[in-house]
Amino acid sequence: MPENQLVEGLGLDEYQYGFVDEEAHVYRTKPGLDEGVVREISEHKEEPEWMLEFRLKALKIYESKPMPTWGGDLSHLEATLDEIYFYVKPQEQMERSWDDVPDTIKNTFERLGIPEAEQKLLSGVGAQYESEMVYHSLKEEWSSKGVIFDSIEDGLKNHPDLFREHFATIIPAADNKFAALNSAVWSGGSFLYIPKGVQLDTPLQAYFRVNQERMGQFERTLIILDEGAQAHYIEGCTAPVYSTDSFHSGVIEVVLKKDSRFRYTTIQNWSNNMYNLVTQRAVVNENATMEWLDGNLGSKLTMKYPSCYLVGEGAHGDIMSIAYASDGQHQDTGGKVVHVAPNTTSSITSKSISKGTGRSSYRGLCKVYEGAHNARSNVECDALLINSTSRTDTYPYIEIEGKRATIGHEATVSKIGDTQLFYLMSRGLTKEEAMALIVRGFIEPIAKQLPLEYAVELNRLIELEMEGSVG
Amino acid sequence: MSNSPQAAEAPIAEEETPSSLDESAVERISEGAPSWLSERRRHAWSVFEDTPFPSTRSEEWRYTDVSRVVNLADLRLVTDGGLAENGSRPAGLVAAMEEDLAASGHAVLVDGSVVHVDLDPALEEQGVILTSLRSAVHEHGDLLEELLATEVVPPEDGKLQALNAALWTDGVLLYVPRNVKLDLPVRVTRWVSHAGSAVFARTLIVAEPESQLSYVEELLSDDFDQRTFVSSAVEVIARDGAQIQFVSIQQLGRDVFCQSAQRTLAHRDAKLDTLNVSLGASVTRLDLNSRLLGPGAHSELLGLYFGDEDQHFDHNTSQDHVAPDTGSDLLYKGALDDRAQSAFRGMIRVHRDAQRTDAYQTNRNLLLSDECRANSLPNLEIQADDVRCSHGATVGQLDSEALFYLLSRGLSQDQAERLIVLGFLGDVLARLPLGGVVEKVTRAIERKLEHV
């Protein structure tokens, strides 16, 4: 049987989160974006004057910046943005008790297994539906130690000084066109503060759901780890499948103070009518460690390059990325490490799988400034191609000043080897089992870093896709 | 050239009045040329005018701001090979010409015009052509009409390629017929003598099926005190089963902007290797595209650069696998000292039908000072699934263990460092061991190392 037919259906493209709830919102702005929409959002959130000014200034920056011509195909985005809803308020206020969340929304998250996960495995949970956080909770154990885990809006209201000290300092509005857009219309997202020396032993999770058709979600997350603090934050995202395109553009800012350690895990499984353009950046101070674990499985087009600015001596940044591009999908992902201080180290590991007409691109930057003596960085990208119509690209940028850096980059591209398949089949595995095993083995170095339930889920999805692939 | 006394040397022409780079120059160069050529030049000029100057906003020119490197309005076009008025040859050129290396033939260009050609008569009898493009226009018009600045390096490739196609004054044609094998390299010396001049030359190399040739060119000049522009377009075609080795050794003087656009076409079972050595000039820009067009075609792309003071190198390479069962292997290595900067941008493109491609790409940089900079962008674009592709890039410093070992053997710090740099770069030369090239380049590197 021809290889192409055999592997048809391999992948994660049987989307199981595509169900739709009835539209349930208490307020939404008109489709499209103008100054009036920005003012409305700010008014609904009862924001201080400075935030409204910040938003309006960002809107001007957004309008003045041209659409990027690199990365994915954004030629239809402008038209899409004219039609989407930039702000949809699903309920009057955010709830702290699961029982108070409206039934339709509750059902959604229950189908996604959120409340169950919270009880068993998590230190805290946030859930965003359309434009607002509908639910946020944190275990008593941590709130009593001064941990703040709240919606970004409540962060601004209840901790104005801490908020303003860091907000938009890591990613200013002018950073790029979509950071400017987010800055103008942001709504929802998490505000997390871990006090000095507090070390969370289970993860915090935020869950993002877009339900309505033609929806734009603009989450904004600000995370601050004080000296010696430790935490792990997981975000997951899904949406129903519509024939029209939706849009998600988040901005995530992370501040790691001295000796702190933070891991940010993303399992992005948007439906494949979603544009997903996200800016994520961490500033890493002395001896702190930042880890981005970025899994991109869904969306129509994702452009996302989590970055670490290593500004303190001995800082370390780690970026692990898995991309899976199936028919019609383009994952343009990677990572950036910027070495500013001496003795800083970093590593980027990227694994991508392209199937059908899917395209995965690795795009990354390794920059070492002159003062960053003894900086060390290693980048490894591996791509697996399943079909002859699949595509993979690698676009690394390595920019080094001065002789005291040691930098390496390696990338390989391969397909599932006939000899590997033959070997496994000679040991009694079916072809589909063998292929699933090879794909699993390929992503294993990163998948094993995932929280157990996600790793199991990922493996299950791969196996699921192999079923019926041999006729 | 002492080994080929039978070839008469062309007299070095008297210097013409140099002129500015504009449309009237196109008309003047076209005088007496066949109509296809004047039309081609005019077309190239219109492409030049319609193409915006490369900006650092474009990916391919990210690290070289060409508008700050050269101002075309300040340059004078030299249309006829001019030397000092008394016609005596500069010491640098004489030294290069007198180097007694075995060769199939020689060509000497001064300021973009061929002033001497000789070819082994036995090869001439077999139909090998080594001549100036200016005479080839008349003697081999059909060949040039078909291949010069058309499919290989057309003006549409870019602003500077268009400028060269409009204003080229002369260059070299090397044509080797079917089954003819050149045992010795063709050696070409290109000398530039005028500060503030713009020199446009082209090279066209055609190897017919099952033929074999090697071509070694050297670009030389004294140091200048004024920005001088040396532009080359190199077109290389290896037909089925042909084998070509193309070597360019650039040791131009300071204040030169050396720009070279090269494309190689390798047809079925052809083997087409290139080596570009960049040691001189203030700013060097190389665009090299290797196209693998027939099954079994294979290319090695080798490069070596060593920069000091404020030298700037920008190497932009691409390997295009168009046909299935093709291979390519790129190795570019560079060392940088003082405030020197380098950019390497390499692209492997595997086209949809190019199954069973083997493509590799490696860029290694050795940094010797705190102020130097290395940028490396090794890119892959793969659209076929049955491929073996990989790339790697490293930026690092002198290996401290190797240094320690050499010091413990009694070498001075300087000696040890030189030895390591030489070893690091020499690696590339070992992959294309053409007679004379290894020694020549090694000597040039050693001379440069003495100033470190």
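Let's start with strand 9 of chain B, where T228(B), V230(B), S232(B), V234(B), V236(B) and A238(B) point one way, while F229(B), S231(B), A233(B), E235(B) and I237(B) point the other way, and all are buried. Buried here means 20 or more other C-beta atoms within 10 Å of the residue's own, with 12 or fewer for exposed, partly exposed in between, and C-beta atoms placed from the backbone. Strands are DSSP runs of E, at least two residues, and helices are runs of H or I, at least four, numbered from the N terminus. In a regular strand the side chains alternate between the two faces of the sheet.

A quick word on the model: it is predicted, local features need pLDDT of at least 70, side-chain atom pairs count only at pLDDT 80 or more, and totals for chains, interfaces and linings use all residues. Residues are numbered from 1 along each chain as its sequence is written, and chains are lettered from A and ligands numbered from 1 in the order in which they are written.

So why is strand 9 of chain B described as largely enclosed by the rest of the structure? Because 11 of the 11 residues in 228–238 are buried.

Now its neighbours. Strand 7 of chain B, residues 197–207, runs parallel to strand 9 of chain B, with 10 bridges joining them; pairing needs at least two DSSP bridges. A207(B) has A238(B) as its bridge partner. Strand 11 of chain B, residues 256–266, is also parallel to strand 9 of chain B, through 11 bridges, and there V234(B) partners Q262(B).

Over to the interface: 31 residues of chain B are in contact with 31 residues of chain A, contact being C-beta atoms, placed from the backbone, within 7 Å. On the chain B side, the elements giving two or more residues are strand 19 (373–382) and strand 20 (387–396). Strand 20 of chain B pairs antiparallel with strand 24 of chain A, residues 406–415, over 7 bridges, and A411(A) has H391(B) as its bridge partner.

Last, a helix pair. The axes of helix 9 (residues 400–408) and helix 10 (residues 413–429) of chain B come within 9 Å and cross at roughly 130°. Those axes are lines fitted to C-alpha atoms over the stretch in contact, with angles from 0 to 180 degrees between N-to-C directions. In helix 9 of chain B, A402(B), L403(B), L406(B) and L407(B) meet Q413(B), A416(B), L419(B) and I420(B) in helix 10 of chain B.

Key
Two residues are in contact if their C-beta atoms, placed from the backbone, lie within 7 Å.
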